[in-house]
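Here's a quick briefing to read alongside the model. It starts with the overall build and then moves in to a couple of local spots.

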Amino acid sequence: MHIVVTAALIILVAHLVLGVILWLRVRKIYCYPGLLGFPVFGNLYYFYKTLLPSNMDYMVNTLDVMAKQHGKDGLCFCWTSGYKLTVLITSPHITKEIGFHPNLADKPAFMYGGSTPYIEGIFNSERADDLWKLKRKEYSIFLKKTSVDRDYFNTFIKCSDKMIDFMLASPSAADIHHATISLMLYTSLRTLFGNETSLISHPKNLKLILWMNNLITYIMVNPRLAALFLSIFRRVDGLFFPKGAELRTWILENSIKTVKSSKGPTPDKEKNLSLQITSRSLKCNNSINVLIKELQELFLISTHTLTGALASSIIFLAIQPDMQEKAWKEQHEIFGNDERDPTLEDMERMEFLDRFIKESLRFAGPSFLGKLATGDININGITIPEGAGVVFLIRCMRMDPEYWKNPKVFDPDRYLDEDETSKLCYAPFGVGVRACPANYFSTKLMKVTLSKILRRLKLRPVEENFRFEDIKFECAVMTEITNPPLLKIEERA
Ligand code: HEM
């Protein structure tokens, strides 16, 4: 009994000390929710509330509720991961003011660090240092408009035909996520890796990527636990996922072989991004492990985001027949009954499809953006202190009735009179110097694929009464549809 009482007292005192420390850290901070009238207990309450979020949906929604209840002027200070001081941004005007702030070029290790046993390239780079700058330059060259239009456009067309074949393979109940993953893996290999292999469509590898999506989300929410688990698992993953390991080896060997044998006036490394990465890594005498992590990141980041975005857009078309007809009519006006492939000029004319993709990304884009303040940032007399995490709750901004008329309604035409405010709280490709370098690449690929699908296929949900309002969204790295309907696929006459 004595021991139990002593233990209880120690725990109580330790908590009081912790509560006081937390309170001392935030007592002068503008607009903080944890005080609850009882500073020490209020801080302890928020410490536990944010210590181990079960999933990203819970995390983002908890932060959103806090920001709505306690935020002022689009800012709210709080804890994340228990004790990390974080400022939540929920206003497009603050986004504008600090989006490009020089002290916001780094990413918080407590959100991105968990996956380093597996991926470590530009996306996962905490620091915007010289190496990041070099890598970023390589990405920008390979993903810029001229490279996409010149080098990838025809591959996008071929890949879209493949997507249609995938969909037609099970016309009575097509699983769109499955089909899109196959397409994205294939497209990513053909464009960014410059090569392809049948290993990609092995059912075990498709399953692995589906599983990866959930894993990446879990890692961002629980980075420390994840890093520990992954660094152990990394050594034996080939035993559990032999097909995945085979694919990794294939990509690596292929890149190294091509770079080593490259000669002539146009070195092979200039042909695609993975060869560029391999060439640089070999020149810097990096270990093979470092190279694997960088290539793995390129592979994952280019497939997982696009899979979510494209699968959601196809589902949005299927469950909104009026919208599908409008998009089809636009295609018909451009091509008539001609079955030719689209040209770059045709793509320019697809204005409704452009808006449709934009609206799809408003619903299915990323849930939040995480940055790190590397120095004090002053806005309107408020200081975001050095070391604080800065989380832009972009999904919440994209759904905020203050900035959008009827935000829950899927309305591509809302972009016909887009103002600066809605542009600022849209940001599906991020903000500032760490924004996604693949904005043009991704939207062009989505547009080509949707255009080809619209011209050849009619899509409907198997469950005929399924409406847009029935969709359940969940915050993940990309916002996910948790109840995706199976689709009926019919060839247009
Ligand atoms: C629809 C598809 C995509 C969406 C919605 C998307 C979205 C994003 C977002 C929100 C960020 C973080 C930006 C920030 O922190 O401000 C990001 C970063 C990044 N994305 Fe994408 N992305 C997509 C496709 C791709 C593809 C295909 C690639 C191919 C290589 C790619 C490569 C990257 C890289 C390298 C970064 C890190 C940039 C940096 O930290 O400097 N993304 N993306």
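The radius of gyration here is taken over C-alpha atoms, and the globule rule is 2.2 Å times the number of residues to the power 0.38. For the 493 residues of the protein chain, a compact globule would come out near 23 Å, and the chain has 24 Å, so the two agree. Keep in mind that this is a predicted model.

**Overall build**
- The protein chain contains 20 helices and 10 strands.
- Along the principal axes, its C-alpha atoms fill a box of roughly 80 × 55 × 50 Å.
- Take contacts between residues at least 6 apart in sequence: 73% of them join residues at least 24 apart.

**Surface and charge**
- Of the 493 residues, 55% count as buried.
- The accessible surface of the protein chain is about 22,800 Å², and carbon and sulfur atoms account for 58% of it.
- On the charge side, there are 61 positive and 54 negative side chains, with the centres of the two sets 5 Å apart.

- C436 sits in the loop between helix 19 (420-424) and helix 20 (439-456).

**A spot in helix 20**
- S451 belongs to helix 20.
- Buried means under 20% relative accessible area, so S451, at 0%, counts as buried.
- Setting aside neighbours within four places in sequence, S451 is in contact with Q331, F335, M350 and L353.

Notes. Residues numbered from 1 in each chain as written. Predicted model: local features only at pLDDT ≥ 70, side-chain atom pairs only at ≥ 80, totals over all residues. Heavy atoms only, no water. Helix = DSSP H or I, 4+ residues; strand = E, 2+ residues; numbered from the N terminus. Buried < 20%, exposed > 50% of the residue type's maximum accessible area, 1.4 Å probe, protein only. Contact = heavy atoms within 4.5 Å. Areas by Shrake-Rupley, 256 points an atom, 1.4 Å probe, with all protein chains shown as cover. Lys, Arg positive; Asp, Glu negative; His and termini not counted. Charge placed at Lys NZ, Arg CZ, Asp CG, Glu CD.
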